[in-house]
Amino acid sequence: MAGNHYEVLGVAMDADDATVKKAFRSLSLKYHPDRTKSNDGTAFQRLRTAYEVLSSAELRPDALKVVACFGALAEVQQRIVSDEVFLNEMEETTVNNAKAWNSSCRCGGSYIVTNADLRLGVNIIGCDTCSLAIELLDAVN
């Protein structure tokens, strides 16, 4: 059950809300921890997170951006991770009227983490100036 939220639910990126809901209900019956005793709940949690993102008018566009920019995201994840940082070590700020966190890079650039990044599970954040990146150790909001 690896992959982006669309792959987790087995739906197309242009799937409507009814299709997303139907896929979630079908798969949740299969993977619910109460129905599958050998399951630790991880698969069901991935399903639930995927459904929460794709059924949200606020979060679904961000999920589309991640899928559309997968090449760029893969590039960021291949950057040299220069540090491991806890979210509470970063300075709280606002980006586009939304809560975000900022940390300075040694080059003078910035690492910026948004709520949307956290909801999408992004934990490697690239510097906006150089090729370095940081890894968020507690990327939970």
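## Surface and burial

Accessible areas here come from the Shrake-Rupley method with a 1.4 Å probe, and for residues only the protein chains shown count as cover. On that basis, the protein chain has an accessible surface of about 8600 Å², with 49% of it belonging to carbon and sulfur atoms. Of the 141 residues in the protein chain, 35% are buried (under 20% relative accessible area, 1.4 Å probe, protein chains only).

This is a predicted model, where local features need pLDDT of at least 70, side-chain atom pairs count only at pLDDT 80 or more, and totals for chains, interfaces and linings use all residues. Residues are numbered from 1 along each chain as its sequence is written, and side-chain values use heavy atoms, leaving out hydrogens and water.

## Overall layout

The protein chain holds 6 helices and 6 strands (DSSP runs numbered from the N terminus: H or I of at least four residues for helices, E of at least two for strands). Follow the sequence and you get α-α-α-α-α-β-β-β-β-α-β-β.

## The three-stranded sheet

Now for a sheet: 3 strands line up as β2-β3-β4, open and antiparallel (strands pair if DSSP finds at least two bridges between them). The edges belong to β2 (91–95) and β4 (110–114), each with a single partner strand, so one side of each has no neighbour in the sheet.

β3 covers residues 98–104 and pairs with β2 over 5 bridges; another 5 bridges join β3 to β4. Take Ala-100 in β3: Thr-93 is its bridge partner, and Thr-114 in β4 stands opposite Ala-100 too. The hairpin of β3 and β4 has 5 residues between the strands, and there Gly-108 takes a positive phi near 100°.

Definitions and conventions:
Buried < 20%, exposed > 50% of the residue type's maximum accessible area, 1.4 Å probe, protein only.
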